[in-house]
Amino acid sequence: MISFKLILDSIFIPKLAFQRIITFEIKLSVLVEATIFIALVNAIFSYISNFLIYSNSVKEENLFYLYYENILSKPVLLVFLEAFKILLITTLITYFGRFFGGKGSFINLLKCVVWIHFILIFINFLLFLSIFLNIAFSGYLIMLANIWVIWVLSECAAKSHGFKSTFLVFVIGIIILIMLIALILQVLNSNDIIFLERVGSNA
C-alpha cells in the first residue's frame, strides 16, 4: 500500500496522492493506531532534536526557555500534543469545509492528515540535518516546508470536499489560520498572559 512513488507523489503531486489515499479501505482501529504511531514518532523526534539544539543554548531569561522547559522537554506531553494536533487539524478541515459546501468525511480527511504527518517525519529529519550544515539556509527550507504543509492540507481539503480550486482553499486557509492565531492571542491577553511584557521585565 505504501510505496516510494506514493511518497514522492505526496510531496510533488499531492492531489494525485490523496486521490489514492482516500480510496484506501482502512479499519478505524488501524487508523487510530496509525495516528498514535505517527504522533509517537514525531514526538520522539521533536524531543531529541529540541534537546540537541536548545538544551544548552537557551537562557533562562529568554521567553523560549519557558516553552522549552514546560512543553518541548516533556516527551509524554509532546505525544499527546501531536495526536491532538492531528485530530484538531482534521476537525477544522472537515467542518470548515462543510461550512463552505464541502462533502468530505472526517475519516477520509484523517487518512490524509495522518499521511501528511508521516511524510513530515522524513522532511523534518532533512531539515534537522540542514541546521547543522547551514543554519541560514535551513531557515529558508523551514519556511518553504511550512508553506508546503499549508498547501498540501489545502490539496487534501479540496480533494476530500470536492472543491475545484486548491488555490482558493489555500487563501481561505491562510485567512482562517490568521484569525485563529489572533483569537488565541486575544484569549491569552484577556487572561493577563502578555508575553512581550514578561520578556521586557526579565531583560
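The model shown is predicted: local features need pLDDT of at least 70, side-chain atom pairs count only at pLDDT 80 or more, and totals for chains, interfaces and linings use all residues. Residues are numbered from 1 along each chain as its sequence is written, and side-chain values use heavy atoms, with hydrogens and water left out.

View 1. Helix α2 covers residues 14-23 and helix α6 covers residues 106-133; helices are DSSP runs of H or I with at least four residues, numbered from the N terminus. Their axes (lines fitted to C-alpha atoms over the stretch in contact) come within 9 Å and cross at roughly 125 degrees. The angle, taken between N-to-C directions on a scale from 0 to 180 degrees, makes α2 oblique to α6, because it is neither under 35, nor over 145, nor from 65 to 115 degrees.

**View 2. Residues of α2 meet residues of α6.** Phe18, Ile21 and Ile22 of α2 are in contact (heavy atoms within 4.5 Å) with a group on α6 made up of Asn108, Lys111, Cys112, Trp115 and Ile116. Six of the contact residues are nonpolar, one is polar and one is charged.

**View 3. Cys112 and Cys156 form no disulfide.** A disulfide is counted when two cysteine sulfur atoms lie within 2.5 Å; the count here is zero. For Cys112, the nearest cysteine sulfur is that of Cys156, 3.8 Å away.

How values were computed
Helices (H or I, at least four residues) and strands (E, at least two) are DSSP runs, numbered from the N terminus. Ala, Val, Leu, Ile, Met, Phe, Trp, Tyr, Cys and Pro count as nonpolar, Asp, Glu, Lys and Arg as charged, and the others, Gly among them, as polar.
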